[in-house]
Amino acid sequence: SVKNVSIYFDIEHYHHKGIRDVFISAVTHPFDYLIKPRELFYVINDVSLDITRGMRLGIMGTNGSGKSTLCRSMAGMMLPQFGTIET
């Protein structure tokens, strides 16, 4: 049973190519680490479903639509930020 499950990833928008870039960024913008631009990327948003014993389920979707994330959370490998999963 999956009830109102939402899973998101916190994405930071600063990507450094190497140690030189980290050093230059720290010298030129020393306080940027305090206010990094962030984005919450919802992989699964408010999903609910019930699967009973003997029932078969197929999950279809495009790449990056959250199929594996849903399976991982149902297997207990990931915890949802919101909602409940009961097995």
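Predicted model: local features only at pLDDT ≥ 70, side-chain atom pairs only at ≥ 80, totals over all residues.

Biologist: Which residues of H2 are buried, then?

Modeller: H2 spans residues 67–75, and the buried ones there are Thr-69, Leu-70 and Ser-73. Looking down the axis of H2, they fall within an arc of 100°, so they line one face of the helix.

Biologist: And how does H2 sit relative to the strands?

Modeller: H2 lies across E1, E2 and E3, and runs at about 65° to E2.

Biologist: What follows H2?

Modeller: Gly-76 does, and its phi is positive, near 90°.

Biologist: OK, on to the sheet. What's the strand order?

Modeller: E2-E1-E3, three strands in an open sheet with antiparallel pairing. E2 and E3 are the edge strands, each pairing on one side only. On average, neighbouring strands of this sheet are turned by 30° against each other, ignoring direction.

Biologist: How many bridges join E1 to E2?

Modeller: Eight, with the two strands running antiparallel.

Biologist: Remind me, what holds strands together in general?

Modeller: Strands of a sheet pair through backbone hydrogen bonds, either parallel or antiparallel.

Biologist: Switching topic to the rings. How many aromatic pairs are there?

Modeller: The count comes to two aromatic pairs. One of them is Tyr-8 with Tyr-42, a tilted pair at 5.3 Å centre to centre with 50° between the planes. Tyr-8 lies in strand E1 and Tyr-42 in strand E2, so this pair ties together parts that are 34 residues apart in sequence.

Biologist: What about Tyr-8 and Phe-82, and why does that pair count as tilted?

Modeller: Their ring centres are 6.3 Å apart and the planes are at 40°. Planes under 30 degrees apart would be stacked and over 60 edge-to-face, so the pair is tilted. It links distant parts of the chain, with Tyr-8 in strand E1 and Phe-82 in strand E3, 74 residues apart.

Biologist: What do Tyr-8, Tyr-42 and Phe-82 form when you put them together?

Modeller: One aromatic cluster.

Biologist: How accessible are those rings' residues? Start with Tyr-8.

Modeller: Tyr-8 has a relative accessible area of 22%, so it is partly exposed; the cut-off for buried is under 20%. Tyr-42 is partly exposed too, at 36% relative accessibility. Phe-82 comes out at 45% relative accessibility, which also counts as partly exposed.

Terms used:
Residues numbered from 1 in each chain as written. Heavy atoms only, no water. Buried < 20%, exposed > 50% of the residue type's maximum accessible area, 1.4 Å probe, protein only. Helix = DSSP H or I, 4+ residues; strand = E, 2+ residues; numbered from the N terminus. Arc of directions from axis to C-beta. Phe/Tyr/Trp six-rings, centres within 6.5 Å; stacked < 30°, edge-to-face > 60°. Pairing = 2+ DSSP bridges. Axes fitted to C-alpha atoms, helices over the stretch in contact; angles between N-to-C directions. Contact = heavy atoms within 4.5 Å.
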